[in-house]
Amino acid sequence: MELNDIVAEFITTDNYELTPITDGLINTTYLLENKDLGKKFILQKINNHVFKQPEVVINNHLMINEVLRSNNYQFEIIEPIPSLTGQILVKDSNGQPWRMLSFVENSITFLTAPSLQTAFEAAKTFSHFLNTVNTEKLSAIEDSLPNFLNFEKRVADYKDFLKMQSLI
């Protein structure tokens with residue numbers, strides 16, 4: 001299945017532009033601009049060599065969004081966009097899973113923070129996100145990768161890294 005066939009699973013027009021987003025480290029991601037609607041979306045192939053169960057990624061995303069909405073989250077929520085047949089996850093002819101997501105206008109990403117202020121703001125926003133989703137409603141969330149949700153391990157790994165770098 002070609003990329004155009006995947007796009008046709010989500011939109012009905014041929015009047016679109018696809019731009020690769022190459023900053024990602026795991027998935028294959030494109031900015032899809034629907035010229036007829038004047039709207040942008042993210043089209044993403046989930047790397048199923050890394051995420052062995054892409055359905056878990058999708059289910060977690062849906063549960064997290066529900067919690068964010070129910071807690072009046074102050075930032076824009078990235079929404080899954082269903083295919084024309086109502087599926088959140090579409091598989092190509094090679095069995096590769098694809099999804100489409102809403103696009104956050106004026107958003108920027110960094111592979112490394114360009115300043116301490118940027119790192120601080122990112123950490124502050126991330127902590128607000130964690131505080132919002134830290135609820136009993138997420139008890140059904142599953143690890144999409146081993147220890148992915150184990151934040152204690154993440155902090156310990158980070159401290160170990162800093163020690164190795166002699167930064168502590």
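**Close-up 1. Helix H2 meets helix H3 at an angle of about 90 degrees.** In this predicted model, H2 covers residues 54–70 and H3 covers residues 116–133, and their axes sit 9 Å apart. The two helices are therefore roughly perpendicular to each other, since angles from 65 to 115 degrees get that label. On the H2 side, the contact comes from Ile64, Val67 and Leu68, while H3 brings in Phe129, Thr132 and Val133. Sorted by class, that makes five nonpolar residues, one polar residue and no charged ones.

**Close-up 2. Helix H1 and its buried residues, Ile6, Val7 and Phe10.** H1 runs over residues 3–10. Look down its axis and the buried residues fall within an arc of 100 degrees, so they line one face of the helix. What do the buried residues of H1 pack against? The partners are strands: S1 (16–21), S2 (28–34), S3 (39–45), S4 (80–81), S5 (90–91) and S6 (97–102).

**Close-up 3. Phe41, a buried residue in strand S3.** Phe41 has 8% relative accessibility and counts as buried, because the cut-off for that label is under 20%. Leaving aside residues up to four places away in sequence, Phe41 touches Tyr30, Leu31, Leu32 and Asn34, and also Ile81, Met100, Leu101 and Phe103.

**Close-up 4. Asn65 on helix H2.** Is Asn65 buried or exposed? With a relative accessibility of 4%, Asn65 counts as buried. Its contacts, again skipping residues up to four places away in sequence, are Ile77, Ile78, Glu79 and Pro80.

**Close-up 5. A salt bridge between Glu55 and Lys91.** The side chains of this pair meet at 3.5 Å, N to O. Glu55 belongs to helix H2 and Lys91 to strand S5, so the pair links distant parts of the chain, 36 residues apart. Neither end is buried: Glu55 is partly exposed at 37% relative accessible area, and Lys91 is partly exposed at 45%. As background, side chains of opposite charge can pair when their charged atoms come close.

Close-up 6. Elsewhere in the model, salt bridges that share partners tie Glu17, Glu33 and Lys35 into one network.

**Close-up 7. Lys35 and Glu33, a pair from that network.** The side chains of Lys35 and Glu33 form a salt bridge at 4.0 Å, N to O. Lys35 is partly exposed, with a relative accessible area of 37%, and Glu33 is partly exposed at 24%. Counted by this rule, the model has six salt bridges, among them the Lys35–Glu33 pair shown here.

Technical notes
Residues numbered from 1 in each chain as written. Predicted model: local features only at pLDDT ≥ 70, side-chain atom pairs only at ≥ 80, totals over all residues. Heavy atoms only, no water. Axes fitted to C-alpha atoms, helices over the stretch in contact; angles between N-to-C directions. Helix = DSSP H or I, 4+ residues; strand = E, 2+ residues; numbered from the N terminus. Parallel < 35°, antiparallel > 145°, perpendicular 65-115°, else oblique. Contact = heavy atoms within 4.5 Å. Nonpolar A, V, L, I, M, F, W, Y, C, P; charged D, E, K, R; others polar. Buried < 20%, exposed > 50% of the residue type's maximum accessible area, 1.4 Å probe, protein only. Arc of directions from axis to C-beta.
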